[in-house]
Amino acid sequence: MTMSSKTKLLCLNNPNNPTGAVIPDEMLKEIVEIANKYNIWILSDEVYRGLNLYGNPYSLSIADIYEKGISVGSMSKTYSLPGLRVGWITAREDLINEINHQRQYNTISISIIDDYFASLALETKNSIAYRNFDIMRKGLTVLEEWIASEIYADCILPRGGTTALIRYKKDIPSRDFARNLQRSTGVAVLPGETLEMEGYFRLGFCTDALSPALSLISEFIREL
Ligand SMILES: Cc1ncc(COP(=O)(O)O)c(C=O)c1O
C-alpha cells in the first residue's frame with residue numbers, strides 16, 4: 001500500500017473478506033499516522049467487526065481513532081441478519097450531515113419493520129455473538145484440520161470474519177475449478193479470478209455443512 005499527498009482516500013476492510021485477516025490495532029494506528037501526515041480520508045468497511053477469532057472480538061473502529069475516519073457496518077455479518085438490509089455509517093458530524101443530505105435523494109426511508117428487528121437484535125447482541133462464535137470456532141477447527149491434512153490445499157488461516165482464501169495446488173483456472181466443483185458435487189465456492197487471485201478460491205467456513213463439503217472438495221481435487 002502506497003500513500004502520498006496525491007492520495008485522497010484509503011479503503012480498508014477489517015476484518016477482511018475473503019482472507020479473514022485482521023489488522024492489529026497497533027498497525028491500524030500506524031496507518032492512521034501515515035494517513036494523517038498526508039491528510040487522507042480512511043473509509044473502513046467494518047461489516048465483520050466483532051468477529052475477531054483471537055483476543056478482543058472487536059478491532060478498533062477507524063471512526064473512533066481518526067478524525068478523517070469513516071466506518072461502515074451492517075446487520076449482515078456480525079449479527080447474521082443480512083435480510084434486514086440495515087447498516088450504518090460513523091464519521092465526524094460535518095461529513096454525516098453531507099451524507100444525510102445526499103441520502104435524501106435516493107432513500108426516502110428504510111423499512112421501519114427492518115429497523116425494529118435490527119434494534120431488537122442489537123439489544124441482545126451478546127447472545128447473537130456467543131452463538132456466532134461457537135459456529136466460527138467449530139468451523140475454524142474443521143478448516144484447520146483439513147488444511148493440515150490436505151496436500152493439495154494451503155491457506156493462511158483466518159483470524160476473523162467468516163471466509164478463508166484457499167490456494168489449491170492443481171493447474172486449472174479458478175473459474176473452471178469452481179464451476180466444475182459446483183456441478184459435480186454441489187459445493188459452491190467463489191473463484192479467485194473474481195478477486196484477482198487466480199489459483200485460489202474463497203470458502204465460507206461457518207456452516208454445519210463444512211466437513212462434508214471439504215471431503216467433497218478433496219475428492220474433486222484428486223480427480224483433476
Ligand atoms: C466486506 C463486505 N462488505 C459489505 C458487504 C455487504 O453487506 P450488506 O449485506 O450489509 O450489504 C459484504 C457482503 O458480502 C462484505 O463481505
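**View 1. P18 lies in the loop between β1 and α1, and two cis peptide bonds can be found here.** Welcome to this predicted model, in which local features need pLDDT of at least 70, side-chain atom pairs count only at pLDDT 80 or more, and totals for chains, interfaces and linings use all residues. Residues are numbered from 1 along each chain as its sequence is written. Helices (H or I, at least four residues) and strands (E, at least two) are DSSP runs, numbered from the N terminus. The bond from N17 to P18 is cis, with omega near 25°. P15 also sits in the loop between β1 (9-13) and α1 (25-38), and a cis peptide bond with omega of about -10° joins N14 to P15. Most peptide bonds are trans.

**View 2. N39 has a positive phi without being a glycine.** Look for N39 in the loop between α1 and β2 (41-45); its phi is near 60°. Is N39 buried or exposed? N39 counts as exposed, because it has 10 C-beta neighbours inside 10 Å. A residue is buried if 20 or more other C-beta atoms lie within 10 Å of its own, exposed if 12 or fewer, and partly exposed in between, with C-beta atoms placed from the backbone.

**View 3. S80, which is not a glycine, has a positive phi of about 50°.** You will find S80 in the loop between β3 (69-74) and β4 (87-90). With 16 other C-beta atoms within 10 Å, S80 is partly exposed.

**View 4. Helix α5 (residues 125-149) packs with helix α7 (residues 210-223).** Their axes, lines fitted to C-alpha atoms over the stretch in contact, are compared by an angle that runs from 0 to 180 degrees between N-to-C directions. Here the angle is about 20° and the axes are 10 Å apart. Therefore α5 and α7 are roughly parallel, a term for angles under 35 degrees. On the α5 side, G139, V142, L143 and W146 meet L210, S211 and L214 of α7, where contact means C-beta atoms, placed from the backbone, within 7 Å. The residues of this contact divide into 5 nonpolar, 2 polar and no charged. Ala, Val, Leu, Ile, Met, Phe, Trp, Tyr, Cys and Pro count as nonpolar, Asp, Glu, Lys and Arg as charged, and the others, Gly among them, as polar.

Conventions: Angles under 35 degrees count as roughly parallel, over 145 as roughly antiparallel, 65 to 115 as roughly perpendicular and the rest as oblique. Two residues are in contact if their C-beta atoms, placed from the backbone, lie within 7 Å.
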